[in-house]
Amino acid sequence: IVPADILGLVPHQQRYTQLLSEQGGTLDDLMITRTETDGTFYVVVNASRKDHDFAHFARHLPDTVTLTRREDLALVALQGPKAEDVLAKSVPAVRDLKFMHYMDASIVGVGTHISRSGYTGEDGFEISMPARHAAKLWNHLLDDAEVKPIGLGARDSLRLEGGLCLYGHELDETISPVEADLMWSISKRRRSEGGFIGAARVQKELAEGVARKRVGIRPEGRAPARDGTIITDMTGRQIGVITSGGFGPTAGGPVAMGYVEPNSSVPGTPVQLVVRDKPLPASIVKLPFVPNRFKR
């Protein structure tokens, strides 16, 4: 069902992957964790796609596999360079938790599932607990002076600066993992063997190349380029489109991601962004804009 190497997961390890259509487009991106040795997996999908994803799983899972929807759970993300120090006050063992692994722990008497994927580009933890205890855990975290509540606007600028895809922007049902530069999430064995939904397109694009590539774009000046902005070459010919854009607080200026023709994807290539019918200068840059600070 997914292109990632799930057989290779050891207990308590998680992996980033995608759900693909038969045509090789991306239906969603998700995290899959192997829990213990009993063949149980813990799957986290995007909230906006959950009904679609669960229906997709139901269509394709064999009768020997059961999908259990955990509508009783909530998720709080504690992200940032001080996240480990903060959480270690309640759970000292998180200092030894490896990147892309999870552990079970009790925080203020609440049983939690703690993963360390840092989906903002920073080191950080994703804490799952029974929804009825979410406010208790939230308030406990906020009792620490180092912790502040923050919203999706900050999450979006952080993941954009970190060069991380967001479903509905860099990923959708027309875009393949190869175009999105996510081949690191598909192991060599899976690339060669195939056998997953959408494999034909993935293998074809690996062998023959893609029609478009995800790139970083740095506009000149201070004006940000929003998603949907047309990208042209220096002659004015359209070569792509912005999928995410905004001001990068850490980068200190406007940043964007988008898709362009492969021969225009080399870092340093000058391009133009058509904002309010006016071409503005920009250049293709290497991602990420700000180095990821995952604790590996």
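## Backbone features and a buried arginine

Met100 sits in the loop between α2 (83-88) and β5 (102-107). Helices here are DSSP runs of H or I with at least four residues, strands are runs of E with at least two, and both are numbered from the N terminus.

The model is predicted: local features need pLDDT of at least 70, side-chain atom pairs count only at pLDDT 80 or more, and totals for chains, interfaces and linings use all residues. Residues are numbered from 1 along each chain as its sequence is written, and side-chain values use heavy atoms, with hydrogens and water left out.

Met100 is not a glycine, yet its phi is positive, at about 60°. Met100 is also buried, because its relative accessible area is 14%. Buried means under 20% relative accessible area, exposed means over 50%, and partly exposed lies in between (1.4 Å probe, protein chains only).

| Residue | Phi | Loop |
|---|---|---|
| Met100 | about 60° | Met100: between α2 (83-88) and β5 (102-107) |
| Asp181 | near 60° | Asp181: between α4 (152-161) and α5 (188-193) |

Next comes a peptide bond. The one from Leu287 to Pro288 is cis, with omega near 0°. Pro288 falls in the segment after β13 (278-285).

Arg49 counts as buried because its relative accessibility is 16%. What does Arg49 touch, not counting residues up to four places away in sequence? Its contacts are Leu27, Asp28, Tyr167 and Glu173. Contact means heavy atoms within 4.5 Å.
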